[in-house]
Amino acid sequence: MNSRTRALTLGVVLTAASALAHAGPERFLSGWRHFEAGDFFRAFEQWRSAALDGDARAQLNLGLLYETGQGVAPDARLAAHWYASAARQGSAAARANLAQLRAAGAAGPRAGGVGAGRDEAHALEALASLEAIAPAPRDRVSPWDGAAVGSAWPVSRGVVLTNYHVVEGSREVFLVDARGAEIAAEVVLEDRADDIALLRVADADALPPALALASADAGPGGEVFALGYPRIDVLGHSVKTSAGSIGWPGEAGGGRRTYRLDLHVEPGYSGGPVLNARGEVIGAVTGMLGVVDESGTVNVLANAGVAVRLSAIRQILARLPTSREALAAQRTPAKVDLERLAASVLVVVAR
């Protein structure tokens, strides 16, 4: 078989709005913890209680549970009711979900037998009043609608690093931190060859601390781990960790400016930091490896990724006038604090 190994980019595109766990009432956060643990019924209980008290985020998530049938029998009318309730409070994500529900014709006959009676009347009332909700422009329906999503991390004061392919051709870019806060950003430097982009934010204090850089590239066989936000549409809004090692020179994906990573990466890890056992950054994830067979089909390889080397990243950072002073202030942590490191990794959303 004539097969070819190729690096595949890790940018993820979400076509449905996502709800993030912001700081807020304990019932909402409790529901989020149950949801990420896969206990959808308890998430439903917590979010329904908070939604009835007017929490727009809980209303949005409750609508999603009713629409998808997670933790409760699917009911499109009740999904529409809760989306509309959240949309009235200014939730762009709820407005987008509601528009998609209507476009699919799902908000018609009842899909389940839960919540009859008064809930039914509320749902019909919500549907009848949808025209009163001012529609957002198409490119503002939701920041997640049709967006490229990857990971990023601060490299100096007010500057973060991600992959070029995540922000390529974008008109709008923003970051989302571990608490769910959104931070507007702009692309200030692009390097297509190394698949790196640097983003700047107006308020540097809004960013978490920068990560410490190692003194040199990692050698083959060295233990490393990657941090990022893979498949947040499925796995949720929390940083994930993937551990492995650096491949040997000459292996597919390895080169003068790249590492072959012997660890598992998925779409969404794009731009995320790769760190050594001391918690120092030695590179950034850029892709995963796959084999293209004779028919042109791509078969993704397990535990095979690609990262740009630290030495290449340093060359790119040197092109920023303020980078050297800011990076010189970074210190290697006394011990690896995974929670602290994870808090410095952000989601980058580009449209």
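Asp 217 is partly exposed, with a relative accessible area of 28%. In this predicted model, its side chain meets that of Arg 309 in a salt bridge, at 3.7 Å from N to O. The pair links distant parts of the chain, 92 residues apart. Asp 217 sits in the loop between E7 and E8, and Arg 309 in strand E13 (residues 298-309). Arg 309 counts as buried, at 17% relative accessibility.

The structure holds nine salt bridges in total. Another of them joins the side chains of Arg 319 and Asp 191, at 3.0 Å from N to O. Arg 319 lies in the loop between helix H9 (310-317) and helix H10 (323-328), while Asp 191 belongs to strand E6, so this bridge ties together parts 128 residues apart in sequence. Arg 319 is partly exposed, with a relative accessible area of 47%. Asp 191 is buried, at 12%. Asp 262 and Arg 260 also form a salt bridge through their side chains, with an N to O distance of 3.0 Å. Here Asp 262 is partly exposed, at 26% relative accessible area. Arg 260 counts as buried, at 18%.

The protein chain as a whole contains eleven helices and 14 strands. Of its 351 residues, 50% are buried. Among contacts with a separation of 6 or more, 70% involve residues 24 or more positions apart. The chain exposes about 15600 Å², and carbon and sulfur atoms supply 51% of that area.

A search of the whole structure finds one aromatic pair. The ring centres of Phe 44 and Tyr 66 are 5.6 Å apart and their planes stand at 90°, so the pair is edge-to-face. Phe 44 lies in helix H2 (residues 40-52) and Tyr 66 in helix H3 (residues 56-68), so the pair ties together parts 22 residues apart in sequence. Phe 44 counts as buried at 10% relative accessibility. Tyr 66 counts as buried at 1%.

The buried residues of H3 are Ala 58, Gln 59, Leu 60, Asn 61, Leu 62, Gly 63, Leu 65 and Tyr 66. Gln 59 has a relative accessible area of 5%. The side chain of Gln 59 reaches the backbone nitrogen of Ala 86 at 3.2 Å. Leaving out residues up to four places away in sequence, Gln 59 touches Ala 51, Gly 54, Trp 82, Tyr 83, Ser 85, Ala 86 and Gln 89. Just after H3, Gly 69 takes a positive phi of about 75°.

Most residues other than glycine have a negative phi. Asp 195 lies in the loop between strand E6 (182-191) and E7. Asp 195 is buried, with a relative accessible area of 12%.

Pro 209 lies in the loop between strand E7 (196-200) and strand E8 (223-228). Pro 209 is exposed, at 55% relative accessible area. Beyond its neighbours within four places in sequence, Pro 209 is in contact with Pro 154 and Ser 344. The C-alpha atoms of Pro 209 and Arg 340 are 9.0 Å apart in space, although the two residues are 131 apart in sequence.

Methods
Residues are numbered from 1 along each chain as its sequence is written. This is a predicted model: local features need pLDDT of at least 70, side-chain atom pairs count only at pLDDT 80 or more; totals for chains, interfaces and linings use all residues. Side-chain values use heavy atoms; hydrogens and water are left out. Helices (H or I, at least four residues) and strands (E, at least two) are DSSP runs, numbered from the N terminus. Buried means under 20% relative accessible area, exposed over 50%, partly exposed in between (1.4 Å probe, protein chains only). Contact means heavy atoms within 4.5 Å. Accessible areas come from the Shrake-Rupley method with a 1.4 Å probe; for residues, only the protein chains shown count as cover. Rings of Phe, Tyr and Trp (its six-membered ring) pair if their centres lie within 6.5 Å; planes under 30 degrees apart count as stacked, over 60 as edge-to-face and the rest as tilted. A polar contact is a pair of N or O atoms within 3.5 Å; within protein, one must be able to donate a hydrogen and the other to accept it, and residues adjacent in sequence count only if both atoms are side-chain atoms. A salt bridge is a side-chain nitrogen of Lys or Arg within 4 Å of a carboxyl oxygen of Asp or Glu.
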